[in-house]
Amino acid sequence: DLRQALQESRLERYLQPKLRLSDRRVTGLEALIRWPGRSQPIRADELIALAEQTGLIKPLTRWVMEQSLELRTRLLERGHDLDISVNISPNNLREPDFPVFVKRLMGSYHSHQGRITLEVTETSMMQDPENSLKTLTTLEQAGIPLSIDDFGSGYSSLSYIKQLPASEIKIDRSLVKDLVRQADDRVIVRTTINMCHSLGYKVVAEGVEDEETLGLLADMGCDEVQGYLLTPPLPFDAILEWLDNDEAGKQRHSG
């Protein structure tokens, strides 16, 4: 079913915005996959796991990247100059031709150079640290921005993390969701933000659902936030309407 859905373009692209706290402007969107129209709904993480187990993650990731470039073209036409982030699988990092594909694809879209960020989870890189580092370094040298997703959700070596050619760290929602109630979480998040800034990373907090959490993160110096407080992930036409109508979306965005 998944193979057929991919071939027939029945998967949908949803987008969720990221808000910069210094000026409350939307700076980017994360591209997410949904599989609508099923009698039994399937979660996004289940969809990705299925694609990885069946070998479909390779065409699926390529489809998402191509679609994201098309969406960014349409966003520019509407006056929204926003970055787009795309999640990649550890399986993609093990594909010998993946960096070549990315470089060729980005070479065909000069107006999007440096504006499509690849997100890779902290835990996935630890499955094959040596090859992950090699592939990510090749991508970074080709001018592809990289982000470490779900930071703090698992165990990894800080000596390894500091070698990664990433420009952004995304703090996992598990550390953010109880920030107001849990003093220990506030200590961990504040320390993580300070450490990442010292290493030269921009810091994004995921899973922000209320104004109080947003205020705490702003006081801690977090750079950007993402979460249901802004909006759940939306299909393209709905995110366009949100950007046009939302107070942040009414401003003309600059990364």
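Biologist: Which residue is the bridge partner of R20 in β8?

Modeller: In β8, R20 is partnered by E224. Strands (E, at least two residues) and helices (H or I, at least four residues) are DSSP runs, numbered from the N terminus. Two strands pair if DSSP finds at least two bridges between them. Here β1 and strand β8 (residues 224-225) are joined by two bridges in the antiparallel sense. Before we go on, a word on the source: this is a predicted model, where local features need pLDDT of at least 70 and side-chain atom pairs count only at pLDDT 80 or more, while totals for chains, interfaces and linings use all residues. Residues are numbered from 1 along each chain as its sequence is written, and side-chain values use heavy atoms, with hydrogens and water left out.

Biologist: How many bridges join β1 to strand β9, and in what sense do they run?

Modeller: There are two bridges between β1 and β9 (residues 234-235), and the strands run antiparallel. Y14 stands opposite P235 of β9. β1 also pairs with β2, again antiparallel, over nine bridges; there Q16 has E30 of β2 as its bridge partner.

Biologist: How many residues lie between β1 and β2 in their hairpin?

Modeller: Four residues separate the two strands of the hairpin, and R24 in the turn has a positive phi of about 55 degrees. R24 is not a glycine, and it lies in the loop between β1 and β2 (25-34). In terms of cover, R24 is partly exposed because its relative accessibility is 38%; buried means under 20% relative accessible area, exposed over 50%, and partly exposed in between (1.4 Å probe, protein chains only).

Biologist: Is β1 mostly covered or mostly open?

Modeller: Mostly covered: of the nine residues in β1, seven are buried. In the loop between α1 (2-7) and β1 (12-20) you will find S9. S9 has a positive phi near 55 degrees and is a residue other than glycine. With a relative accessible area of 49%, S9 is partly exposed.

Biologist: Is H112 buried or exposed?

Modeller: H112 is buried because its relative accessibility is 0%. H112 sits in the loop between α5 (98-107) and β4 (116-121). Contact means heavy atoms within 4.5 Å. Setting aside neighbours within four places in sequence, H112 is in contact with L69, R72, T73, L76 and M106.

Biologist: Where is P145 found?

Modeller: P145 is in the loop between α7 (129-141) and β5 (146-151). Leaving out neighbours within four places in sequence, the contacts of P145 include G114, I116 and S167.

Biologist: And where does K177 lie?

Modeller: K177 is in the loop between α9 (173-176) and α10 (183-198). K177 is partly exposed, at 49% relative accessibility. K177 and E206 are 29 residues apart in sequence and 8.7 Å apart in space, C-alpha to C-alpha.

Biologist: How many helices and strands does the chain have?

Modeller: The chain has 12 helices and nine strands. Of its 255 residues, 49% count as buried. Among contacts with a separation of 6 or more, 68% come from residues 24 or more positions apart. The C-alpha trace spans about 45 × 45 × 40 Å along its principal axes.
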